[in-house]
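Grab a pencil and try these exercises. Each one has a task, followed by a solution that goes step by step.

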Amino acid sequence: MVDERTTEVLEFDKVVLRIAGYTASVMGREEALAFAPVGDPEVIRQRVGRAMEMMDLIGFDDPVPARGIPDVRRALVRCGAEGIALSTEELLWVGEALTAFRQLRDYLDQRRGKYPSLLDLMAWLTPHPEVEEAIRGLRTVSNRQSSTPRASDSTSRWDRDAGPR
C-alpha cells in the first residue's frame, strides 16, 4: 500500500475523479472511484499496461462502439428471484447492456494483438445474440403497443404466462 502523504502529493484523488468522468457507465464510474494505489510492482505493471493500451485505443484507433452501458444490476438481481418478472422497460435496458457489451468485446477481439490486456478484462463476458434478438422483438411489440390508440385493446395486451397476444 502507498502511504497517504504520497497520494496527497500526487493528487491521486483528483486523478481518480478525472478518470471517473470519462467512464461510459455507472458501473465504470463506481469502479474508477474505488481505484486505490498499490505498491505491488506486478499489479502496477498490469495497470500501466492497461492504461497504455487504453490511451492508444482512444488516441489512435476507431471510436469505441459502446457509448453508454445501462446499469442493469438491480434488474439482474430481481430476475434471479423466483416468481419475479422484469418489466418491459427493464428487459429493454438488459438488451441494451447485452448489445453494448457484445459490441465492445467484438471491437476488442478484432484488435486482440493491439489491446490484449483490455480484451482479458472482457474474457468473462459471453455474448448472447439470441437473447438480444428476443429483446429486440419485444421492443418491436412495445413500439406497436405505444402507437396503438387503445393500449387496453386485447390484441396489444400481454398475458404474463402466454406472452404477447
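Is Glu-133 buried, partly exposed or exposed?

**Solution**
- Keep in mind that you are looking at a predicted model.
- The relative accessible area of Glu-133 is 47%.
- Buried means under 20% and exposed means over 50%, with partly exposed in between.
- Glu-133 therefore counts as partly exposed.

**Exercise 2**
Find the salt bridge between Arg-136 and Glu-133, then see which network the pair belongs to.

**Solution**
- Start with the distance: the two side chains meet at 2.9 Å, N to O.
- Now place them: Arg-136 and Glu-133 sit in helix 8, which covers residues 129–147. They are three residues apart, about one turn of the helix.
- Arg-136 is partly exposed, at 38% relative accessibility.
- Then follow the shared partners: salt bridges join Arg-102, Asp-106, Glu-132, Glu-133 and Arg-136 into one network.

**Exercise 3**

**Solution**
- Arg-102 has a relative accessibility of 22%, so it counts as partly exposed.
- Asp-106 is partly exposed too, with 31%.

**Exercise 4**
How many salt bridges does the structure hold, and why does the one between Arg-78 and Glu-90 tie together parts that are 12 residues apart in sequence?

**Solution**
- The structure holds 13 salt bridges.
- In this one, the closest N and O atoms of Arg-78 and Glu-90 are 3.1 Å apart.
- Arg-78 lies in helix 5 (residues 73–79), while Glu-90 lies in helix 6 (residues 88–109), so the bridge links parts 12 residues apart in sequence.
- As for accessibility, Arg-78 is partly exposed at 31%.
- Here's the general idea: side chains of opposite charge can pair when their charged atoms come close.

**Exercise 5**
Step back and work out the overall layout: how many helices and strands does the protein have?

**Solution**
- There are eight helices and two strands.
- Along the sequence they follow the pattern α-α-α-α-α-α-α-α-β-β.
- The protein has 165 residues, and buried ones make up 23% of them.

**Exercise 6**
Which residues touch the most other members of the largest nonpolar core, and which helix gives the most to this core?

**Solution**
- The largest nonpolar core has 19 residues.
- Leu-57, Val-94 and Leu-108 touch the most other members.
- Helix 6 and helix 7 (116–121) each supply at least two residues of this core.
- Helix 6 gives the most, with seven residues.
- As a general background, nonpolar side chains in soluble globular proteins tend to be buried together.

**Exercise 7**
Head to the surface and find one nonpolar patch and one negative patch.

**Solution**
- The nonpolar patch is formed by Ile-44, Val-48, Met-52 and Met-55. Together they have about 370 Å² of accessible area.
- With a relative accessible area of 36%, Ile-44 is partly exposed.
- The negative patch is made of Asp-3, Glu-4, Glu-8 and Asp-13.
- Glu-8, one of its members, is in helix 1 (residues 4–9). Its relative accessibility is 48%, so Glu-8 counts as partly exposed.

**Exercise 8**
Look at two loop residues: where are Glu-11 and Leu-86, and is Leu-86 buried or exposed?

**Solution**
- Glu-11 is in the loop between helix 1 and helix 2 (12–20).
- Glu-11 has a positive phi of about 50°, although it is not a glycine. It is partly exposed, at 40%.
- Leu-86 is in the loop between helix 5 and helix 6.
- The relative accessibility of Leu-86 is 16%, so it counts as buried.
- Finally, check a distance: Leu-86 and Ala-75 are 11 residues apart in sequence, and their C-alpha atoms are 6.9 Å apart in space.

**Exercise 9**

**Solution**
- Along the chain, the two residues are 32 residues apart.
- Val-131 is found in helix 8, and it is partly exposed with a relative accessible area of 34%.

Note on methods:
Residues numbered from 1 in each chain as written. Predicted model: local features only at pLDDT ≥ 70, side-chain atom pairs only at ≥ 80, totals over all residues. Heavy atoms only, no water. Salt bridge = Lys/Arg side-chain N within 4 Å of Asp/Glu carboxyl O. Helix = DSSP H or I, 4+ residues; strand = E, 2+ residues; numbered from the N terminus. Buried < 20%, exposed > 50% of the residue type's maximum accessible area, 1.4 Å probe, protein only. Patch = residues over 30% accessible without salt bridge, like charges linked within 9 Å, V, L, I, M, F, W, Y side chains within 5 Å. Areas by Shrake-Rupley, 256 points an atom, 1.4 Å probe, with all protein chains shown as cover. Lys, Arg positive; Asp, Glu negative; His and termini not counted. Charge placed at Lys NZ, Arg CZ, Asp CG, Glu CD. Core = buried A, V, L, I, M, F, W, Y, C linked by side-chain atoms within 4.5 Å.
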